[in-house]
Amino acid sequence: MDFDLTETQNILLNSAKSFLAKEAKDLFREVEKTDEGYSKEIWQKMAELGWLGVVFPEEYGGIEGSFLDLVLILEEMGKVLFPGPFIPAVISGLAILDHGTGSQKDDLLPKLIEGKLLLSPAHIKPNPAIAEMKLEDEVGVEDGNFLLSGTRLFVPFGHVTDMFIYGADMEKGTTLFLVDAKNSGVTSVALDSIGADKPCEVKLEGVKVQESDILGTIEKGDEIVSKMEERGALAESAFMLGMLEQVLKLSVEYAKEREQFERKIGSFQAIQHHCTNMATDVDQVKFLTYEAAWKLSQNLPAKKEISMAKAWASDASRRVSLLGVKIHGGTGVSEEHDMQLYFRRAKACEVAFGDGDFHREIVAQELGL
Amino acid sequence: MDLNFTPEEEKFRKEVRDFFIQEEKIVAEANKEWDSGLGYGPNCWKILKKIGSKGWLCPTWPKEYGGLELSYMYRFIMMEEMQYFLNIYSTVGAGMAGPVIMKHGSEEQKKEFLIPIARGEIEFALGYTEPQAGSDLAALAIKAEDKGDYFLMNGSKIFNTRAHYAQYHWLGARTAVTKPKYKGISLFVVDLKTPGITIRPIWTVGATRTNEVFYDNVQVPKKALVGEVNRGFYYILEALDYERISTVTGLQRDFQEIVEYVKRIGKGRDPIIRQKLANLAIEINSAKLFALRVAWMLNKRQVPNYEAAMLKMLVSETEQRLVNTAMQIFGPYGQIQEGSSWAQLNGKFERIYRDSLESLITRGTSEIMRNVIAGRGLGLPRG
């Protein structure tokens with residue numbers, strides 16, 4: 001039994017902390033109102049540190065670390081709300097690593113790891129009951145090529161992404177296509193959203209792709225998608241862990257400073273108990289996330305543990321950020337204070353890669369129910 | 001990070017499990033006694049002595065005092081397995097009184113008590129709480145006057161749960177009136193058969209017996225004092241440090257029982273039940289991880305402060321949600337007590353629903369735990 005990090009992990013963690021403190025302290029606020037929603041310059045610097053390649057083999061420029069290493073970096077990113085499509089890039093890259101052809105891997109992975117290529121999964125179909133217009137969703141075949149038409153939603157940073165992993169419904173299952181975003185017939189629109197993390201609507205109209213653009217096997221894409229979602233859920237939990245740690249830190253600091261009734265408000269039990277409930281939630285998210293990441297790193301089955309982490313993180317993110325707002329009082333709802341950024345982003349993270357209910361259902365299945 | 005136990009630790013766990021399975025009959029009888037609410041009966045003593053004879057009650061202790069000189073992780077494993085098979089998961093002697101005697105007791109006390117504690121032959125009743133001294137333990141008032149040859153004790157204690165079968169009282173008493181209050185408290189080991197001591201039962205909502213203990217001009221020999229006079233409060237806190245672990249194996253066992261029940265009666269497809277059980281599974285797993293963290297810290301000889309408080313709070317509150325979920329799943333059948341054919345799972349959860357309330361209070365209420373976390377963990381100012 002050992003909860004300590006290795007020396008290498010500590011070095012990684014320290015470098016992450018100092019890089020983010022220097023480059024990304026107020027970055028989220030700076031880029032939030034821009035069209036891109038992230039900073040290309042800092043993305044490039046981050047890539048140079050090797051973060052995008054943490055879990056990739058050396059032959060593609062990666063550093064062959066473990067998922068736990070990645071989780072530690074994501075936790076630090078979460079603390080500063082690091083903007084950009086980091087999680088989609090990594091999970092898409094891993095899908096290519098697992099299922100791509102030799103040339104897909106050679107072509108895409110080094111660029112991805114160097115920060116020169118943005119990749120995003122695009123497989124969430126709009127709910128037809130919610131859509132106002134009739135949605136065209138087709139896969140046509142013409143001279144051995146495929147013609148893709150359809151709309152995909154909540155594609156992270158789809159408006160700046162270079163390539164999509166597009167999930168097309170076919171007769172016997174989903175086929176995943178690597179679709180170049182510059183292809184004519186592709187339009188991406190960033191949707192204004194509560195977390196300002198650029199979920200996009202991506203529309204394909206008769207986009208021509210070839211068999212060599214298929215990722216994995218034709219009509220066997222669902223497994224790849226669920227694996228991407230699984231890794232995404234764990235990565236998102238790690239990011240949320242960092243966010244919640246920061247909310248706790250801000251709230252405790254505020255409670256130690258702020259005076260009312262001639263006392264520091266942190267001396268009131270009502271505030272103290274809010275803080276301890278937050279701290280408990282944060283530690284629960286932390287160890288559930290670490291356990292899942294540790295299992296993945298050991299090549300042990302981790303489906304249940306990942307869903308445990310994301311289910312708890314999803315609900316804790318709401319609870320903790322709400323308590324954070326309450327402790328900050330009026331300050332917590334003012335635009336100029338960071339608290340509201342975390343509150344908003346918490347909602348976006350909660351619903352990304354499945355919310356609490358979704359993951360509890362997976363846990364129930366894993367319990368044999 | 002490594003969340004595995006070592007192969008040696010796993011081997012030890014297996015040995016312990018095999019032992020409990022082999023002693024199945026005595027274990028079942030002991031559990032019956034314990035669940036009756038009366039505390040240790042003859043079979044409880046029998047199984048404790050068997051465990052003690054293997055050195056497993058105090059595996060971390062020196063061999064000369066009946067231990068095995070193993071690391072803390074072995075004690076943790078032992079407690080996990082004991083809680084799983086037996087509802088008693090530690091004795092007060094092994095967990096609290098013993099370690100304090102070992103560190104601060106006289107040579108005579110060590111000789112008299114340590115080996116019998118390790119062998120499971122004796123037990124102590126905690127003698128802390130008084131009617132006016134619950135969470136504010138330093139307000140305890142039972143008087144111990146130094147009469148030269150002996151201490152003369154007068155006063156009363158309440159909720160001293162093991163007093164009717166333990167041989168000894170682990171007694172906090174006032175030896176000086178001081179400000180602050182905690183500086184006038186001393187700790188004693190009192191033979192509960194000493195003339196002048198009366199024990200009166202109090203029954204809890206969980207049908208468990210606890211006691212009031214009255215001291216009426218009781219003459220306690222000087223040698224009963226543990227450590228230095230007026231240092232008792234420090235020893236009491238230290239003893240709490242020794243017993244900071246909570247395990248979740250009992251919760252895991254009960255949870256599994258509910259899962260099997262749900263499958264058996266065909267409610268497994270109910271989405272609400274699925275959500276509730278999944279949430280419990282997650283909560284219990286997080287409590288397990290908290291327990292492992294505390295065990296790991298203790299194994300490294302660190303003092304887990306807020307971490308232990310958080311563990312205690314989470315385990316006891318998770319137990320509430322577990323029994324509550326079970327009762328909700330049973331619906332109106334849940335209220336029926338053991339003995340009726342309509343009782344579900346022999347009315348086990350009807351009983352635990354009542355009996356588990358005690359965990360929220362004993363060893364510090366959840367609210368006191370939160371105060372500890374706020375102060376020691378988060379550095380928030382005192383109120």
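Tutor: Axes are lines fitted to C-alpha atoms, for helices over the stretch in contact, with angles from 0 to 180 degrees between N-to-C directions. The model is predicted: local features need pLDDT of at least 70, side-chain atom pairs count only at pLDDT 80 or more, and totals for chains, interfaces and linings use all residues. Residues are numbered from 1 along each chain as its sequence is written, and chains are lettered from A and ligands numbered from 1 in the order in which they are written.

Student: OK. At what angle do α4(A) and α7(A) cross?

Tutor: Roughly 45°, and the axes come within 6 Å. α4(A) is therefore oblique to α7(A) (under 35 degrees is roughly parallel, over 145 roughly antiparallel, 65 to 115 roughly perpendicular, the rest oblique). Helices are DSSP runs of H or I, at least four residues, and strands are runs of E, at least two, numbered from the N terminus. α4(A) covers residues 67–79.

Student: Which residues of α4(A) meet α7(A)?

Tutor: Among them are A:L70, A:V71 and A:L74, and the α7(A) side includes A:A238, A:F239 and A:L241. Contact means C-beta atoms, placed from the backbone, within 7 Å.

Student: Switching to the dimer side. How many residues of chain A are in contact with chain B?

Tutor: 37 residues of chain A, against 37 of chain B. On chain A, α7 (221–257), α8 (269–297), α9 (303–328) and α12 (356–366) each supply at least two residues. α8(A) gives the most, 14 residues.

Student: And what is the class make-up of that side of chain A?

Tutor: The side of chain A that touches chain B has 20 nonpolar, eight polar and nine charged residues.

Student: What about the strands: which ones pair with β7(A)?

Tutor: β3(A), residues 145–156, pairs antiparallel with β7(A), residues 199–209, over eight bridges. β6(A), residues 186–190, also pairs antiparallel with β7(A), over five bridges. Pairing requires at least two DSSP bridges between the strands. A:R152 is opposite A:V202, and A:V186 is opposite A:L204.

Student: Last one, B:M369. Buried or exposed?

Tutor: B:M369 is buried because 24 other C-beta atoms lie within 10 Å (buried is 20 or more, exposed 12 or fewer, partly exposed in between, with C-beta atoms placed from the backbone). B:M369 is in α13(B), residues 366–377.

Student: What is B:M369 in contact with, sequence neighbours aside?

Tutor: Leaving aside neighbours within four places in sequence, B:A309, B:K312, B:M313 and B:G364. B:M313 is 56 residues from B:M369 in sequence and 6.3 Å away in space, C-alpha to C-alpha.

Key:
Contact = placed C-beta atoms within 7 Å. Nonpolar A, V, L, I, M, F, W, Y, C, P; charged D, E, K, R; others polar.
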